[in-house]
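Please read it alongside the sequence and coordinates shown here.

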Amino acid sequence: MSTADYDDSFVADALPAFVSEAHEQIAAIEQLLLQLEDRPADRELLDALFRCAHTVKGSAGIFGLDAVVAFTHSVETLLDRLREGAVVLTPALSTLLLLANDQIRLLVAAAQDDKADTGASQSQREDLVRRLDEAAGCTPAQAPCAQPPAGQVLPAGAVRRWQLGVRFGADTFRNGMDPLAVLGYVGGLGTVHAMRCNTAAVPDLLALDAETCHLAFDFMLETAASREDIEAGFSFVRDDCELSLLEVTPQAVAAPPEADAPRKATPRQEPRGDATAGAAHGEESRYIRVQADRLDDVINLLGELVTAGAGALLLARQSRQGTLVEANQQITSLIEEVRNSTLQLRMVPIGETFSRFRRVVRDTAAELGKDVVLAIEGGDTELDKSVVERIADPLMHLVRNALDHGLETPAQRMAAAKPAQGRLTLSACHESGSILIRIIDDGRGIDRDKVLQRAWERGLVEQGVVPPDADILNLIFEPGFSTADKVTNLSGRGVGMDVVRRNIEALRGSVTLSSQPATGSRIDIRLPLTLAIIDGFLVGVGPSKFIFPLDAVVEVIESALPALPRDARGRNCVELRGQMLPVVDLRTLYALDSPAPLRSSIVVIRSAAQRYGVMVDALLGQHQTVIKPLGRMLRSLRGISGSSILGSGEVALIFDVASLNHLAAQPLEPPGYPHAPRSAVKARVSPSIPH
Amino acid sequence: MTDTLKLPPELTIYTTAQLRAQWLDCVGPSHLTVDASAVAEVDAAGVQLLASLASSVAQAQGTLSLLNASQPLARACLAMGVAGLPGLNDTTGATA
């Protein structure tokens with residue numbers, strides 16, 4: 001790598017930005033290649049693909065990453081041949097390009113860490129270059145001739161930013177030229193920003209010769225056109241105008257010299273290329289790159305602000321001064337809006353994560369000799385970036401598992417009277433304040449007997465004991481479980497499924513598995529939309545405070561009965577519009593020893609498809625809830641997912657509606673329930689807050 | 001005292017010399033309302049003339065506002081980055 005010629009500090013500063021952008025381009029190349037497999041002749045995809053590769057090559061050139069430039073050049077040459085229609089994209093070629101793309105990724109990574117580029121990968125690379133050149137139809141001897149065309153015909157390379165300053169000559173008007181037309185032409189090359197007319201040199205009316213031009217302009221131009229093309233726009237006035245043209249770095253991409261060669265056509269004859277460049281620019285200007293840490297800092301501060309705001313409101317209410325209360329309420333509602341928009345900043349669509357699996361499915365299926373199509377649904381469903389990041393690995397494992405264990409080979413599927421091509425679906429949707437991610441396959445399903453047999457062998461369940469059906473399947477998530485007949489390098493080592501569950505639970509989510517023998521399996525993952533702040537519904541039981549996620553609350557009913565009726569299984573329940581509703585009595589569940597009030601309320605909660613009630617003493621209203629994790633002592637508390645500090649300084653515990661649902665469905669247990677230490681719920685001090 | 005100046009349909013290099021002479025009378029320490037609704041054709045020379053008028057009025061301690069700028073004029077001013085439409089006020093302010 002010949003970075004020696006470059007200023008070291010510049011490279012050190014700008015390199016991470018290059019690497020991150022290059023990785024984006026590489027990811028885009030991968031997606032485009034996969035899309036092209038369905039539509040091999042799609043010109044737009046091919047153009048986009050070429051642009052991505054060209055951008056990587058161009059920016060690598062700036063940093064003197066010769067290895068990247070040289071290798072990407074071969075890829076680009078082949079892509080150019082594809083665009084021309086001289087070469088047709090076959091599945092084999094697609095695989096070759098995917099491998100080449102992996103190689104580019106490796107090389108880009110090596111830019112930051114030299115050790116990443118090993119001798120083995122170098123020989124692999126040489127082999128790839130040879131195959132790429134062969135596919136592009138040029139032998140190594142001809143290679144030099146392939147060089148210039150690659151960059152030359154480029155309609156839209158990378159979009160670059162130029163700072164232009166132009167002072168038109170005094171005779172411009174007299175020569176029949178109109179600066180307005182010139183600016184219009186130049187503007188047509190891309191997008192103009194910050195156009196500013198400098199009229200300082202224009203004399204007043206008395207002194208003005210109306211036919212003398214005194215105008216000067218400064219502006220930014222974002223365009224894919226080369227320096228020559230921009231200068232050509234001024235060619236008619238070039239003789240007597242002062243033009244300064246500066247490229248604005250650093251995200252700019254210096255195209256390799258050949259790209260600056262005069263283009264065959266004027267921009268006006270290539271409206272499509274320009275339109276694309278314009279669109280690309282539009283995309284760019286709508287986004288700002290922000291470091292995730294900064295955003296996290298803001299969100300942490302916001303959490304403090306919410307708590308402090310609640311405290312101030314409480315004090316205002318105690319002071320009984322109407323105006324102060326009103327002012328505080330306004331602040332509170334503003335904080336709420338700020339909170340919502342700030343959290344929105346971190347929301348990203350999950351589709352990006354999903355589409356990463358296209359490649360995984362393609363390669364893994366091929367490796368296993370299976371034919372699988374991946375369907376993605378609800379890719380635009382948004383959730384917190386930190387959740388997305390942490391769900392990617394568990395998803396990967398589940399997808400691989402489905403490919404390895406769930407889906408059958410074409411022969412097996414034919415024998416079972418199913419279509420030869422298996423189907424794997426990744427879907428996402430919002431469901432009462434959480435996101436539901438599903439991984440569905442139409443494979444062979446899970447063999448309950450096999451699972452049970454294995455559980456007995458491993459001692460996960462006592463020999464001979466048969467748990468309920470639903471529980472048998474979920475044994476798969478127990479540590480040290482594997483049903484694979486043979487251990488493959490994909491899955492089946494028995495590591496993972498328990499880790500998957502642990503990771504999901506760490507995100508306050510849940511995972512459940514359902515399966516029909518011979519027709520397929522479905523894994524449901526429920527995750528909270530955000531890990532930071534939620535709208536809560538505050539309730540009180542005696543002196544203790546609890547919070548429900550507001551989205552889960554359906555309604556509240558009054559209960560005047562001192563004791564609730566019980567059903568046949570000994571659960572508390574009430575009748576609500578003709579249906580029996582199981583009810584959790586918090587006083588019993590957590591052994592709270594404050595006396596029960598005469599009247600109590602039942603909060604009706606929705607969890608997945610079920611409803612249940614929770615009996616509470618007092619309804620304290622909506623509450624902006626900053627979620628703090630539970631301290632280690634309280635982590636085993638069932639039905640509770642976190643804690644929050646109220647305005648008064650008290651601690652409220654936040655319910656996990658899904659696990660509380662399980663508790664509601666269970667018959668009553670005697671007081672002194674081992675998972676509910678009495679002291680824990682009565683504790684008035686903060687349960688170890690790490691932040 | 002308020003004067004009104006009605007701009008002609010053509011505000012281009014072909015008319016600017018003549019217009020400049022006419023407009024000289026409008027410059028004074030009063031408020032000048034420029035009715036720009038009729039402008040159908042405009043070029044950079046025309047915009048330059050307007051800018052010159054604005055700076056002259058400002059120098060004479062007067063004020064100027066541009067009324068009902070027609071589409072062609074508004075577009076030209078935008079493309080040339082002449083600040084502060086409608087009104088060309090910013091230009092006046094900048095040179096005052």
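pLDDT is the predictor's confidence in each residue, on a scale from 0 to 100. The model is predicted, and the predictor assigns the complex an ipTM of 0.84 and a pTM of 0.49. Chain B has an average pLDDT of 79.

**Confidence in chain B**

- At least 70 is the score of 83% of the residues in chain B.
- Among the elements of chain B, the highest mean pLDDT, 89, belongs to strand 2 (residues 10–11).
- The lowest mean among these elements, 36, falls to helix 4 (residues 89–95) of chain B.
- Over residues 88–96 of chain B, pLDDT stays under 50.
- For residues 88–96 of chain B, the model has 23 contacts beyond four places in sequence.

**Strand 11 of chain A and its partners**

- Strand 11 of chain A spans residues 520–528 and is mostly covered, with 7 of its 9 residues buried.
- Strand 11 of chain A pairs with strand 9 (residues 434–441) of chain A in the antiparallel sense, over 8 bridges.
- In this pairing with strand 9, A:Ile439 stands opposite A:Ile523 of strand 11.
- Strand 10 (residues 510–516) of chain A also runs antiparallel to strand 11 of chain A, and 7 bridges join the two.
- A:Gln516 stands opposite A:Gly520 in strand 11 of chain A.

**The hairpin of strands 10 and 11**

- Strand 10 and strand 11 of chain A form a hairpin with 3 residues between the strands.
- In this hairpin, A:Ala518 takes a positive phi near 70°.

Definitions and conventions:
Residues numbered from 1 in each chain as written. Chains lettered and ligands numbered in written order. Predicted model: local features only at pLDDT ≥ 70, side-chain atom pairs only at ≥ 80, totals over all residues. Buried ≥ 20, exposed ≤ 12 C-beta atoms within 10 Å, placed from the backbone. Helix = DSSP H or I, 4+ residues; strand = E, 2+ residues; numbered from the N terminus. Pairing = 2+ DSSP bridges. Contact = placed C-beta atoms within 7 Å.
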